[in-house]
Every structure is written in C-alpha cells, then in structure tokens.
Amino acid sequence: MSYSPTLAAALSGATLRQLAHWRKASSRHGAVLVPELSDVRPILYSFRDVVALRTCVKLRQDASLQRIRRALDALREGLREREHLSAYRLVADGGSIYLVEPEQATDLVHRKANIVIHEMVDVLRPFYRDGRHIPDLLQPREHVTVDPAVRGGVPVIEGTRIPYDEVAALLRDGVPAERVSDYYPGVTASAARDAADFADYVDSYQPSGEPRAAAAG
C-alpha cells in the first residue's frame with residue numbers, strides 16, 4: 001500500500017507544501033523525510049512515513065524547522081541511528097528536541113544525555129494543529145480504521161476490507177447512506193456517513209481547483 005501526498009497529508013496533519021519542503025535538504029541540513037516508496041512523481045509515502053510525518057508535525061508545533069533539521073542530523077549522523085524515523089520517539093519542549101528511549105532521553109540539539117522528559121507524546125492519538133483536528137491515525141473516524149495488516153494500511157470501513165473512498169464515492173453519486181449495504185453488505189449507514197466525512201476531510205488537503213485524488217494502491 002502507498003499513500004498519495006494528499007492522503008499522507010490528511011493522515012499526518014502536514015500540508016502539501018510542508019511535505020514538499022521536508023523532502024528536500026537545506027543548504028546546511030539533510031531532508032526531514034524522504035518518502036521510502038517513491039520520492040519522484042508519483043510521490044508515494046509508506047505507512048511508516050505517515051507515522052514519522054505525524055512526529056514531525058508535533059515537533060513543528062514547538063520547534064523551528066531549522067532546529068528539527070539539526071536534531072535529525074544529530075540523530076542520523078551524530079548518533080548513527082539509521083532506522084526509519086518512525087522507529088524513534090522524539091519530543092520537543094520549546095527549547096530543544098529529545099530522543100526518548102526506555103532508560104534515558106538525549107537532547108539532540110545540545111547533545112546531552114539523561115534528560116528528564118515531563119511529557120510523553122503519542123503521535124498516533126488525535127491532536128490539534130492550527131485549530132484543525134488531526135484524527136487518530138489508526139481510527140480516523142468511528143467506523144473508519146487504518147491497519148497496516150489490512151490492505152496495506154489503506155483506510156477501510158471498520159471490520160471490513162472495503163476502502164473508505166469506494167463507499168464515499170457511492171454517496172457522492174447520490175446513493176443514500178441507508179442503501180450502501182445493497183452494494184456492500186455489512187456497511188451500515190453510520191459507517192457510510194463516516195466514510196464520506198473522512199473523504200471530505202482528505203479532500204480538504206487538496207489544493208483548490210484540482211480534482212479529487214483517490215488513495216494510491
């Protein structure tokens with residue numbers, strides 16, 4: 001499964017402009033996150049990329065982009081940590097960015113270990129960014145779920161393998177929510193409405209004037 005930039009943005013809370021900016025290295029620091037599936041058109045993100053992007057969005061609320069790039073350089077070059085960015089727990093407190101591990105926390109900006117962190121952040125849980133509600137990554141709507149083991153992580157109707165956008169397309173074609181079960185048995189009217197609502201949320205990340213993009217498969 002791969003995620004288009006629009007769906008990756010909707011699931012992470014980043015803007016499309018941020019994603020494009022974060023894919024590029026600066027004059028002094030490396031890229032924030034390069035998609036592991038494809039960094040040339042078509043740009044394709046993985047589930048792990050989306051988790052990492054949520055971390056970056058959370059960091060950006062409390063730290064400048066320059067500081068984030070500096071911290072990531074310290075993680076990758078200074079500490080020689082080569083795992084995917086989603087494997088690390090990073091938090092910011094306004095003054096620095098920390099790598100949090102079971103037995104210690106390391107200040108990536110000032111290169112100090114054994115720092116006490118007072119607040120742990122679960123990047124999978126819902127949060128707000130500039131007044132916009134960023135949904136739970138694994139359950140962006142009550143009846144819509146994301147599971148890497150189900151269709152590779154494409155958002156689906158809970159308890160099924162039916163992609164949210166296929167159900168949303170029926171409602172957009174005029175099929176009443178109560179009749180969606182005629183096409184997809186087991187999909188309730190509430191689930192159909194959730195799929196349509198999530199589709200509208202994803203589309204809100206699409207630049208105005210561009211056609212709706214389906215989830216990349």
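User: What makes β1 and strand β2 (residues 97-100) a pair?

Analyst: In this predicted model, 4 bridges join β1 to β2, and the two run antiparallel. Two strands pair if DSSP finds at least two bridges between them, so β1 and β2 qualify. Within this pair, Val 91 stands opposite Tyr 98 of β2. Strands here are DSSP runs (E, at least two residues) and helices are runs of H or I of at least four, both numbered from the N terminus. Residues are numbered from 1 along each chain, and local features need pLDDT of at least 70.

User: Why are β1 (89-92) and β3 (105-107) said to stand at the edges?

Analyst: The open sheet has 3 strands in the order β1-β2-β3. β1 and β3 each have a single partner strand, so one side of each is left without a neighbour in the sheet.

User: Why are α5 and α6 called roughly perpendicular?

Analyst: The axes of α5 (residues 164-172) and α6 (residues 189-203) cross at roughly 100 degrees and come within 8 Å. Axes are lines fitted to C-alpha atoms over the stretch in contact, with angles from 0 to 180 degrees between N-to-C directions. Angles under 35 degrees count as roughly parallel, over 145 as roughly antiparallel, 65 to 115 as roughly perpendicular and the rest as oblique. The pair is therefore roughly perpendicular.

User: How do you know whether Arg 80 and Asp 130 are buried or exposed?

Analyst: Buried means under 20% relative accessible area, exposed over 50%, and partly exposed in between (1.4 Å probe, protein chains only). Arg 80, at 57%, therefore counts as exposed, and Asp 130, at 71%, is exposed too.

Notes
This is a predicted model: local features need pLDDT of at least 70, side-chain atom pairs count only at pLDDT 80 or more; totals for chains, interfaces and linings use all residues. Side-chain values use heavy atoms; hydrogens and water are left out.
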